[in-house]
Amino acid sequence: MCVVSVEKARGLQTACTTPVAEGMIVETESEAACETRQFVLEMLLTDHPNDCMTCEVNGDCKLQDLVYDYGVEWPEPNGRRHVYPIDPDPNPFVFIDLNKCILCSRCVRACEEIQNRDVWSFAFRGFETKLVAGTDQPMLDARCESCGQCVAYCPVGALYDKMSVGLGRPNQVEKVRTTCSYCGVGCNFDLNVRNGEIVRVTSAEDAPVNGMALCVKGRYGYDYVHHRDRLTRPLVRAKWLPDVEERVTEGEWTLVEVAEKRAEPTVSGNGAIAGDAFIETDWGTALDVVAGKFAKEKQAQGGDAFSVFASAKCTNEENYLFSKFTRQVLGTNSIDHCARL
Amino acid sequence: MHTTLPFPNEADPTVNDPQHKCIAVCMGTGCTSSQSAQLHQTLREELDEHNLNGEIEVRRTGCFGFCEQGPIVVVSPGETFYTEVKPRSAETIVEQHVLGNQPVERLLYHDPTSDATVEKWHEIGFYGKQQRILLDNSGIIDPENIGHYLAREGYQALHQVLSEMTPEQVIEEVTESGLRGRGGAGFPTGVKWGFARKTQKWPKYVICNADEGDPGAFMDRSVLEGDPHAVIEGMIIAGFAIGAQAGYIYCRAEYPLAIKRLRVALEQTRELGLLGDNILGSDFSFDITIKEGAGAFVCGEETALMASIQGERGQPWPRPPYPAVSGLWKQPSNVNNVKSYAFVPRIIHKGAEWFSSVGTEGSPGTAVFALTGNVNRTGLIEVPMGITLREIIYDVGGGIPGGKKFKAVQTGGPLGGCLPEEYLDIPVDFDSLQEAGSVMGSGGMVIADEATCMVEFAKFFTKFVCDESCGKCPPCRIGSTRMLEALERITEGEGTPEDLDEIYWLADGMQQGSLCALGQLAPAPVISTLRHFEDEYRAHIEEERCPAGKCQALITFEIVADLCPGCMVCARNCASNAISGEKGEPHVIDPELCERCGLCEAVCNFDAVIVK
């Protein structure tokens, strides 16, 4: 597709590799170049499914755009086509449909040049040329670390995010730029939101820190956001709270049943709540409990009774505050940082 | 013999002595596959029995070229040329010829064109119009004996280069000779070396392209097997000329014998200080590594070849930059064909003038072809450039067998083109062939007789290209398959006139949109057959008829009642029970049941089965 006409050059030249020379005259949309592009596109279509109607990437497909731009008509099937099994790979993240693969090798290069994992390559020759992981193995057996870089670079629907299949196509989602909450690197990406729910994460080309690159957590580790087990309010053991039974009965706090093996029921026959039961409270109450216990321990044993472990998920500023709190408020130098995920 | 090399005693002068008693046995791949190794062994045992082993040398040599008649044995003095010699004939040769001094009549070559028996090597018509200046050691020397090569003035050129010449002078001499690359494209070798010399970046690499992949072609293999030192010497000289210290020979793994001989030759050159550090006491160092290819046709393309050496998938890179600027491991590299390198020591030693006196002005020297197909004498030939196709086919090849008519000659393998009768008198050289719509190629030459269906012929090469496309560019990867499908429709009787339009359209798209010569030239066999034999294509499409009677779907077998004595042989052999008839009565083929396998035609002793 990159071929252009260069004056005085024999035949068409590849724009991506031909060095610019003094006085060179290049025509990017010459008749010959356009005809060749049309030919290439038509060739690709003779071995491509005609299923844009149901394709995940409809509207975000380079092949679709180019076929439209160059006015290529759908060629009537008149020869061999590949029939590959759809989604044959057991990995949990990458959906594969080789019937749509145009063998552009972007995934191969992304994996090799950006991620340095060399999972993908081409096997066989001629019409039988096929994208394979390792030696035609499952991806995870071929050193794949599920970063999804290959999906991010796939110009068609051959590689797609498995978790997002059927959840919304490009024109049905709203893209919300955010910063990854997993570690301190600060990668940016776009949350693809449909009906208020995150259905997919896509790389943001203009992300200042990471560009198109993301790790498995950033790209695929978003399912906790809408998970039913996710804690959105603090839980405090009943024994640390005043007037528990009364305030639960009044509905101010909630008794939370946690799936665990218990010798005693959380609520006994006389309505008393067990001391180790979890009560969903508000932040003020919970922080009071914590502050009170800090103060008590510091008074009883001194600051060095504490040691503090900070998180890499916090920003620099948050970690600075944490350090200050540890040294000045708690009164200890025992603070460390996970500095890793 | 005068030698200036520091090891005069290493040369074995017997190789030049016509009176030297020697039985030369061809040990090229062709003859070896017809048991010439056993023959060599048996001859030695026979001589042993007569206590003659010290007196008479049994020499393994490279290819004589007349592979069709192999295994070849030449007994000297006298150069008696024996053909199709089986190991069991060793005894006869020793007893009758060596001891009895009587040539073994039944092993001599019988020329079907003149119906004469020929005794001497150089009297055989096959060699008449040949001029062996590249293959002059093949069939003479033992390729595993460096002494033989040294006696044939081997490594004299290298010595001359290192002691008397500057790299620029070497390049000038090669340029002066007019040597054009024997890989097929015919680019001037000296000019190519000049580019690589000019690039100011080190290390540089010298690469020998021995990935000979054309179906039926074995020129490079024969050179490597018969005269490996010539290639090595040429590479060392090239290394000196461009300023490289390392060389690679990229040889396909399907050539185990060539690889073995190269290994032996490399070892011998290292032992004599002709390879390694400070060659012949000079400050020039050079060494060669063999890289075995895995049999992909596309690795004969120079950039794919270099990718393969680097351990990558054999796929072409875009050019420019050309290898002379950025090649193997992005370093300046010079890639030449086996034959190009093998010519170099001869050019240096005998002079550019000598070389350019052979052949034509634009294409000096000789051309080596693997002559094959429907021709009486097949094998490896070396002819001066400028010889006509007719001379090659009729004088060297002895014409078309079975009294059939010539139809076409294909040069350049699956990326070349075919030429019909009216082109037979054009001279064979790079420019004339190209002008006529074919190419010189690396040396495949296939002759087709009138019984060849040209659509089928084109289909064969297209199938080859389909299988061998690397898959990188869609026009070649998919286009060649679509081309094959169009040809299949035509040969199966389902072709339409639109298929011809599609073929032209595909050919144009493949030519424009492919990165390397494989994709660009893949349509050539189809387009050239279509150009010269369009009638035949149209007969398939419009009349549903294969004029050559080859396309199974378009032919019917019939029994001519007048000729059929009712012997029942055809009926007994017919697998689909399509032939009926009483014994002694003419038989009839039921076209509904007939599978058109052609077995009836083959088994009929009365030529009563005909194809319509």
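Tutor: Helices (H or I, at least four residues) and strands (E, at least two) are DSSP runs, numbered from the N terminus. By that count chain A has eight helices and 15 strands. This is a predicted model, in which local features need pLDDT of at least 70 and side-chain atom pairs count only at pLDDT 80 or more, while totals for chains, interfaces and linings use all residues. Residues are numbered from 1 along each chain as its sequence is written, chains are lettered from A and ligands numbered from 1 in the order in which they are written, and side-chain values use heavy atoms, with hydrogens and water left out.

The C-alpha atoms of chain A fill a box of roughly 90 × 50 × 35 Å along the principal axes. The radius of gyration, taken over C-alpha atoms, is 29 Å for chain A, whereas a compact globule of 341 residues would have one near 20 Å (the globule rule is 2.2 Å times the number of residues to the power 0.38). Of the 341 residues in chain A, 39% are buried (under 20% relative accessible area, with exposed over 50% and partly exposed in between; 1.4 Å probe, protein chains only).

As for the nonpolar residues, a nonpolar core is a set of buried Ala, Val, Leu, Ile, Met, Phe, Trp, Tyr and Cys residues joined through side-chain atoms within 4.5 Å. The largest one has 115 residues, and Y155(B) and W193(B) have the most contacts inside it (contact means heavy atoms within 4.5 Å). Apart from this core lies another, of 99 residues, among them Y70(A), I96(A), F127(A) and A507(B).
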